[in-house]
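Colleague: I am new to this structure. Please show me how to read it, feature by feature.

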Amino acid sequence: MIPPSRLFPLSREAGEGGSEGKSPFNFLLLILAASFFVGGLRHPAAWSAAALLLWAGAWKRPPRRFPNAPLWLAWLAWCALSSAACKEPLVALGALGEAATAVLVFALASDLDGRGRRECLWILLATAPLLWACALLVSPPGYPMAGILPPYYNYTACFEAAALSAAAALVCSKTIDGPRRWLLLAVAGAAALEIAQAGSRGGACAAIVGAGVALARAPRPSRRPRIELWVGAAGAAIALAVIFHAPLLRFATKPWSAGANRRPQLWAAALRVTNDHPLLGEGPGLFALGFARHDFPSELGVSRYGLSSSHAHSELLQAAAETGWPGLALLLAAWLATAAVAVRRKADPVRAAALAACAAMTAQALVDNVFALPGLRLWYACALAVAAGGREAGEGRGEGKSPWPLVAAAGVLLSVWGRWPVPAARSLFAKAEISGDARALRLGRLIEPAAAEGFETEARLAERKHPPDMEAARRALEGATVASPFDASYPQMLAEFAASQGDWKTALERARRASELEPVFLEARLVEAEALARLGRRQEAGRALEAFAAARRQGAALSPLSQRDRMMLFADENRLRRVAELVR
């Protein structure tokens with residue numbers, strides 16, 4: 001079988017000749033090539049299988065060197081410390097495993113020889129048109145242009161921007177001519193078309209940055225032509241902006257999408273999360289816990305606080321929120337040192353293409369959560385390694401003793417645990433709520449002890465006891481309120497509990513908090529009116545009923561988007577009649 005690098009010989013290292021041996025890490029390239037065709041390794045089973053194969057393969061042939069290893073290992077050590085100190089260490093261990101596997105891929109790809117680097121780039125360029133075709137042919141309902149990387153189109157757009165940038169770098173290198181040059185231009189054109197069809201602002205910015213890096217790194221006989229080219233490109237960009245300012249403005253602002261411009265608020269929330277635990281952060285993979293404490297009115301659908309997010313939509317802010325400011329500093333130090341190595345590397349078309357692809361993905365990662373898709377994260381690590389690492393022709397892999405078996409064994413265990421903790425905990429909570437299985441609840445709480453869903457399930461099970469343990473239910477709901485202070489359902493449930501015990505003062509306080517959070521929460525409005533009436537404050541109760549009627553009219557004009565929205569718009573007609581009689 002003819003290897004891809006023979007069909008598409010992008011370049012050769014000087015002195016490599018034509019008898020290269022088999023690349024030692026073809027299993028790495030095979031896993032990367034297959035990753036996007038199993039959903040980008042998003043599913044826990046797909047991730048565990050891929051990570052297990054990577055660690056098992058590396059166990060047999062461990063990596064011996066990679067750029068700035070002490071800095072990357074120091075960052076991983078800080079992530080491990082953050083995992084040990086956080087509220088949900090079992091969940092954080094899964095995220096730590098993802099980070100460690102990305103560093104492993106970086107180490108393995110850093111040891112590729114010239115042929116391996118060319119094959120990696122070939123796979124990148126060959127995969128991009130396939131993903132574009134899948135985005136056109138496979139669109140999950142409600143997620144246009146997501147293709148086989150659901151749920152969002154930005155994942156495909158990010159990869160397309162990387163491929164466009166790599167193709168641009170190869171074209172600018174002037175080492176590719178004839179049909180292969182046209183093939184590269186076709187790949188770049190298809191990638192640009194996919195980004196435009198998807199309407200990905202992050203992908204467009206990434207493509208511009210990556211192409212700019214490709215242009216800046218292109219070999220030139222003198223500086224003057226490069227300056228002229230930059231001036232010409234800037235002039236063309238200004239002309240296009242003037243001619244197409246209206247559609248470009250719509251593309252940038254997306255007025256048709258209610259949630260398209262929430263990133264600044266998400267970034268502000270991420271900074272608040274970071275400042276809650278500035279030293280060690282919330283814990284790897286636990287951004288959602290911090291965001292629940294710093295939610296903001298999103299006005300998406302009926303609910304004001306209907307937005308939940310497990311990502312900061314900026315990988316830098318995500319790192320700061322989850323591992324603290326020192327964790328972000330270590331990550332930046334490792335990345336900047338590695339980028340400096342890549343820039344200083346000997347001029348080579350393959351490395352220049354990898355650097356351009358890496359620059360594109362970095363640009364999008366600053367404003368999006370593209371590395372939430374594990375497959376993209378691994379591809380990024382590989383591109384960075386190809387740009388900065390790699391062996392020269394005739395260079396050995398090096399020898400040396402290391403505690404690798406112990407490290408690889410830990411990697412295997414972390415990869416098996418992988419992305420399972422949160423789905424497992426939620427499944428246990430659901431089982432406990434349906435069947436009343438207290439053991440399932442304990443196991444779920446062991447995995448996610450700080451999750452509001454666990455507190456809520458505990459409260460429901462306490463209420464179902466014979467006789468009901470209302471005090472335990474109240475304590476559990478208080479815990480849920482602390483974990484998710486902007487979720488109006490918890491103060492409303494506390495109001496209902498207080499009302500059932502005749503504590504109308506507490507019921508009024510809790511119901512008012514729920515209606516402050518969600519003005520169209522009809523049951524909260526009713527409990528507030530009933531509590532006022534029971535406390536003998538009939539005039540205020542009458543005004544509360546008027547507020548209920550206004551909220552019902554407002555809700556009737558809204559379109560519920562979720563079960564939560566429908567819960568907000570539900571009103572118990574029997575309670576309404578009872579409260580109306582009390583007010584008379």
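**Reading the model**

Colleague: Where is the place of Ser314?

Modeller: Ser314 is in the loop between helix 13 (287–293) and helix 14 (315–344). Keep in mind that this is a predicted model.

Colleague: Is Ser314 buried or exposed?

Modeller: The cut-off for buried is under 20% relative accessible area. Ser314 has 6% relative accessibility, so Ser314 counts as buried.

Colleague: Which residues does Ser314 touch, leaving out those up to four places away in sequence?

Modeller: Ser314 touches Trp267, plus Ala365, Leu366, Val367, Asp368 and Asn369. With Leu366 there is a polar detail: a polar atom of the Ser314 side chain lies 2.8 Å from the backbone oxygen of Leu366.

Colleague: What about phi of His313?

Modeller: Start with the general idea. Most residues other than glycine have a negative phi. His313 has a positive value, near 55°. His313 is in the loop between helix 13 and helix 14.

Colleague: What is phi of Leu41, and where is that residue found?

Modeller: Phi of Leu41 is near 65°, again a positive value in a residue other than glycine. Leu41 is found in the loop between helix 2 (26–35) and helix 3 (44–60). Its relative accessible area is 2%, so Leu41 is buried.

Colleague: How do I read a peptide bond?

Modeller: Look at omega. Most peptide bonds are trans. The bond from Pro150 to Pro151 is cis, with omega near 10°. Pro151 sits in the loop between helix 6 and helix 7. Another cis peptide bond joins His466 and Pro467, where omega is about 0°. Pro467 lies in the loop between helix 20 (452–464) and helix 21 (470–483).

Colleague: Which residues make a nonpolar surface patch?

Modeller: Leu136, Leu137 and Val138 make a patch of about 300 Å². Take Leu137, which is in helix 6 (residues 114–137). The cut-off for exposed is over 50% relative accessible area. Leu137 has 75%, so Leu137 is exposed.

Colleague: And how does Val138 count?

Modeller: Val138 is at 38% relative accessibility, so it counts as partly exposed. Val138 is in the loop between helix 6 and helix 7 (153–173). Leaving aside neighbours within four places in sequence, Val138 is in contact with Ala146 and Gly147. The C-alpha atoms of Val138 and Leu149 are separated by 9.7 Å, and these residues are 11 apart along the chain.

Colleague: Now the protein chain. How many helices and strands are there?

Modeller: There are 27 helices and 0 strands. The protein chain has 584 residues, and buried residues make up 52% of them.

Colleague: What is the accessible surface of the protein chain?

Modeller: The accessible surface comes to about 26,000 Å². Carbon and sulfur atoms hold 65% of that surface.

Colleague: How do I read contacts along the sequence?

Modeller: Take contacts between residues at least 6 apart in sequence. Of these, 76% join residues at least 24 apart.

Colleague: What is the mean pLDDT of the protein chain?

Modeller: The mean is 85, and 86% of the residues reach 70 or more.

Colleague: Where does pLDDT stay under 50?

Modeller: Over residues 1–25. The model has 62 contacts beyond four places in sequence for that stretch. Where pLDDT is low, the predicted coordinates should not be read in detail.

Key: Residues are numbered from 1 along each chain as its sequence is written. This is a predicted model: local features need pLDDT of at least 70, side-chain atom pairs count only at pLDDT 80 or more; totals for chains, interfaces and linings use all residues. Side-chain values use heavy atoms; hydrogens and water are left out. Helices (H or I, at least four residues) and strands (E, at least two) are DSSP runs, numbered from the N terminus. Buried means under 20% relative accessible area, exposed over 50%, partly exposed in between (1.4 Å probe, protein chains only). Contact means heavy atoms within 4.5 Å. Accessible areas come from the Shrake-Rupley method with a 1.4 Å probe; for residues, only the protein chains shown count as cover. A polar contact is a pair of N or O atoms within 3.5 Å; within protein, one must be able to donate a hydrogen and the other to accept it, and residues adjacent in sequence count only if both atoms are side-chain atoms. Patches are made of residues with over 30% relative accessible area and no salt bridge: like charges are joined within 9 Å, nonpolar side chains (Val, Leu, Ile, Met, Phe, Trp, Tyr) within 5 Å. A salt bridge is a side-chain nitrogen of Lys or Arg within 4 Å of a carboxyl oxygen of Asp or Glu. pLDDT is the predictor's confidence in each residue, from 0 to 100.
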